[in-house]
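Hi there,

Here is the structure I promised to pass on. Have a look at it first, and then read my notes below.

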Amino acid sequence: MITKIYKYVFAGLIGCVMLSACSKDDDRIPNVESALCPSAIEMQIPAEMAKLIYTDNTGADVLPMIVGETIQLGYALEPEEATFKNVTWTTSDASIVSVNDGKVEALSEKGLGYSIITVAPTGMYAGSGVLSTLKVKVDAHMKQATAVTLSAKETEVYEGEQTIISYELEPEACTYRTLEWISSDPSVATVDSKGVVTGVSTGGAISKVVTITGKTMDGSGVSASIEITVKRIVDPTDVTIDQTVSADNGYAFAINEQGTTLKFTTVPAEATLSQLEWTSSDEAIATVEGGNVTFKGFGEVTITATCPTTGNKSSIKLNVPCGLLRETFHNEKHYSIYDAKQSGSGTSTSHEWHNGYLTITTYTVNATTQRADLKWYDLPAVLHAGNYPIIAIKVDDVKDLYKADGVTARNLNFDVVGTSEGGVEYKALGGGNNKYSGDLKCSDGSHVFIYDLSVLAFGTGGMAPTNESISFRTFQLKYADIKTINRQITYNLYWFQTFKSVDDVKKYVTDVDGLTYEVIK
């Protein structure tokens, strides 16, 4: 194994020039213009010891040794025709490890400690940077491994692809930290000294399974195995992208959804999907990799999948319109709204994700009041009153939910701060508490509160423009002044969306949620 090598190229021969005594017949200084200084040096380690070298948490190569053990190291200079070939060996702690002309001996009686072995060209050692190092860790006796665990991020690879096997040893302080790797069938998959598995061939089969074994090298006999499936590459001859979410079918994506995974089929069905070539017509709007689309901006974009061997392709047009926000809480790994992390009186807000809604827990403001605001953290949140003037949020109304507990009041306040494309600042949608323009009470007991940008002005900025967007750097629905109750309570948040019209909101409640509703306001 190659240790860390520091290479520097010198601009002249000043540090390398060695003067010899002048002869009686010629008292001139010898010609040294053709002398070559070493530009690099590489420490050479015997193969049987090199396989024991591991990398520690500092990034250094470490050779484990036992007290009394010796090893003979070598070196190689670059260029090979360097004029000055002598080297100097040093150890950073001679009480732990000694070195004499490359012969290293582990000395520490306590069996603990590190020493750095360095080899450098003689006369160039101090400050030259031309050197090679190896960290030696000394143990008093062999600490054998008792268990090894293998894992791999990918346990399936195609012919020619690679995956790496990770491992953990017990105990953590065992002396030898590397494994000997063995493949049950190298014709199917090989494995190198680092645990890197390369798929070779399935022999024409769709797939084959190979067993990779990692064995300790400390004489303990401890080993572990993992199965890796090697799959044959099957070129797709045709591809068809499902058009359900196509802009041509009227579907639109909200940019806060971050992206989508396209559904598609291939011919043959068992084709290797990684062989498909994916492209985006406008990467400022969306990028694509393996059918996974990531949204970058607003507009329409065409995503295309191509079979490289036949040229057959399939495309889909996606629409990411400005002003559309949608959060339905169906992705546990990403959702746009959460509680505002408030606290008081020894309590704090929290939230719990469920597939399709969040459960919010309030915090205690005082002996009679609870609160739990909702904050949008995918910022900026962009609204466009000309495209999507309706903001709607489906949430429990605590006045209904906790009526029997004495709750008679709550304040909803859309606290927002944003700037339009024209530079106008807008704050506080509606200008105060409970300024929503509509309220639908749904048959499941929840409410849909509606804020119509075509009729509601902002406290600062006035009416939203219909010909440009507003980017909000603060976007928060304050759910405050919940009275009167002296304990923490919970309520559910079901969805938050923008719509083109109030009729679209009502249609969503009936057609998508499957609920009926009563118009309260």
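Strand 5 and strand 9 (residues 103–106) run antiparallel and are joined by 3 bridges; two strands pair if DSSP finds at least two bridges between them, and strands are DSSP runs (E, at least two residues), numbered from the N terminus. One of these bridges links Thr70 with Glu105 in strand 9. This is a predicted model, where local features need pLDDT of at least 70 and side-chain atom pairs count only at pLDDT 80 or more, while totals for chains, interfaces and linings use all residues. Residues are numbered from 1 along each chain as its sequence is written, and side-chain values use heavy atoms, with hydrogens and water left out.

The open sheet here has 3 strands in the order 5-9-8, with antiparallel pairing. Strand 5 (70–72) and strand 8 (97–100) each have a single partner strand, so one side of each is left without a neighbour in the sheet.

Is Asn319 buried or exposed? Asn319 counts as buried because its relative accessibility is 18% (buried means under 20% relative accessible area, exposed over 50%, partly exposed in between, with a 1.4 Å probe and protein chains only). Asn319 lies in strand 27 (residues 313–320). Leaving aside residues up to four places away in sequence, Asn319 touches Ala247, Tyr251, Ala252, Phe253, Gly299 and Glu300 (contact means heavy atoms within 4.5 Å).

Enjoy exploring!

Technical notes: Helix = DSSP H or I, 4+ residues; strand = E, 2+ residues; numbered from the N terminus.
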